[in-house]
Amino acid sequence: MTAPRGRPSLTERRRQETRLEIAETAATLFSEQGYDATTVEDIASAAGISLRTFYRYCAAKEDALTPLLTAGLGRLVDTLATWPADEPLTGAVQAALDAPASPPHLADTERARRLVRVMGGVPAIRMRWLAAGRDLQDRLLPLLAARTGAPPDSLEVRLLTTTLLDAIHIALEYWAQQDEPEGIAELTRRALDYLRIDELE
């Protein structure tokens, strides 16, 4: 029996769950003991899988977080896809940031900040973070084009998309580096207000 069109099959859902479990385990270990001190063996053991299974899903240790990077950024796309076109873009961003954290362990603020510092401080992971942002940019282009009335490949829509993602990225890194940070949602709102992002639409 095949899955309904547009929905992943049971096998694919299980693969996605395994990828996410590996990612959550790696995120916990990276944030608690550091990236360099965490081995692939540590991740596999904590996730309850074999090394062979780990390498079936991840080519290297730095790939383990990719599902988290994709899921976190994808929430913005999902929110924006249903956001009324006549409502400010900043509202969609706020709604995405205010939604319950997924995966749940990111609701732990201090752990999430440590993880963001790892993501920004390890070149190999940072490259994958930027790659995830680029993939998201491709998904955002048609959504922002529909809001502006300009073609997805226009200079204006590309600039708007890049500006939005960079503002969120910088706010997140700034939040992670502060000793007593404001909430990430408030920092992101300040960044978008400073750039007058709603006036760019």
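Axes are lines fitted to C-alpha atoms, for helices over the stretch in contact, and the angles between their N-to-C directions run from 0 to 180 degrees.

**Figure 1. Packing of helix H1 against helix H2 in the predicted model**. Helix H1, which spans residues 10-33, packs with H2 at an angle of about 125 degrees, and the two axes lie 9 Å apart. Because angles from 65 to 115 degrees count as roughly perpendicular and those over 145 as roughly antiparallel, H1 is therefore described as oblique to H2. The crossing of H1 and H2 is right-handed. On the H1 side the contact is made by Glu21, Ile22, Thr25, Ala26, Leu29, Phe30 and Gln33, whereas H2 contributes Asp42, Ile43, Ala46 and Ala47. Sorted by class, the contact of H1 with H2 comprises seven nonpolar, two polar and two charged residues.

**Figure 2. Packing of helix H8 against helix H9**. Helix H8 (residues 155-177) and helix H9 (residues 184-195) pack at an angle of about 140 degrees, with 9 Å between their axes. This angle makes H8 oblique to H9, and the crossing of the two helices is right-handed. The residues of H8 that make the contact are Thr163, Leu164, Ala167, Ile168, Ala171, Leu172, Tyr174 and Trp175, and those of H9 are Ile184, Leu187, Thr188, Ala191, Leu192 and Leu195. Of the residues in the contact of H8 with H9, 12 are nonpolar and two are polar, while none is charged.

Figure 3. Thr79 has a relative accessible area of 16%, and because the limit for a buried residue is under 20%, Thr79 is classed as buried. When residues up to four places away in sequence are left out of the count, Thr79 touches Ala92, Ala95 and Ala96. Helix H4, which covers residues 66-81, is where confidence in the protein is lowest, with a mean pLDDT of 81.

**Figure 4. Tyr55 in helix H3 and its separation from Gly121**. Tyr55 lies in helix H3, which runs over residues 51-57, and with a relative accessibility of 45% Tyr55 counts as partly exposed. Tyr55 and Gly121 are separated by 66 residues in sequence and by 24 Å in space, taken from C-alpha to C-alpha.

**Figure 5. Confidence of the prediction across the protein**. The mean pLDDT of the protein is 85, and 91% of its residues reach 70 or more. Confidence is highest in helix H2 (residues 40-47), at a mean of 97, and lowest in helix H4, at 81. Where pLDDT is low, the predicted coordinates should not be read in detail.

Conventions: Residues are numbered from 1 along each chain as its sequence is written. This is a predicted model: local features need pLDDT of at least 70, side-chain atom pairs count only at pLDDT 80 or more; totals for chains, interfaces and linings use all residues. Side-chain values use heavy atoms; hydrogens and water are left out. pLDDT is the predictor's confidence in each residue, from 0 to 100. Helices (H or I, at least four residues) and strands (E, at least two) are DSSP runs, numbered from the N terminus. Angles under 35 degrees count as roughly parallel, over 145 as roughly antiparallel, 65 to 115 as roughly perpendicular and the rest as oblique. A crossing is left-handed if the near helix is turned anticlockwise from the far one by less than a right angle, and right-handed if clockwise. Contact means heavy atoms within 4.5 Å. Ala, Val, Leu, Ile, Met, Phe, Trp, Tyr, Cys and Pro count as nonpolar, Asp, Glu, Lys and Arg as charged, and the others, Gly among them, as polar. Buried means under 20% relative accessible area, exposed over 50%, partly exposed in between (1.4 Å probe, protein chains only).
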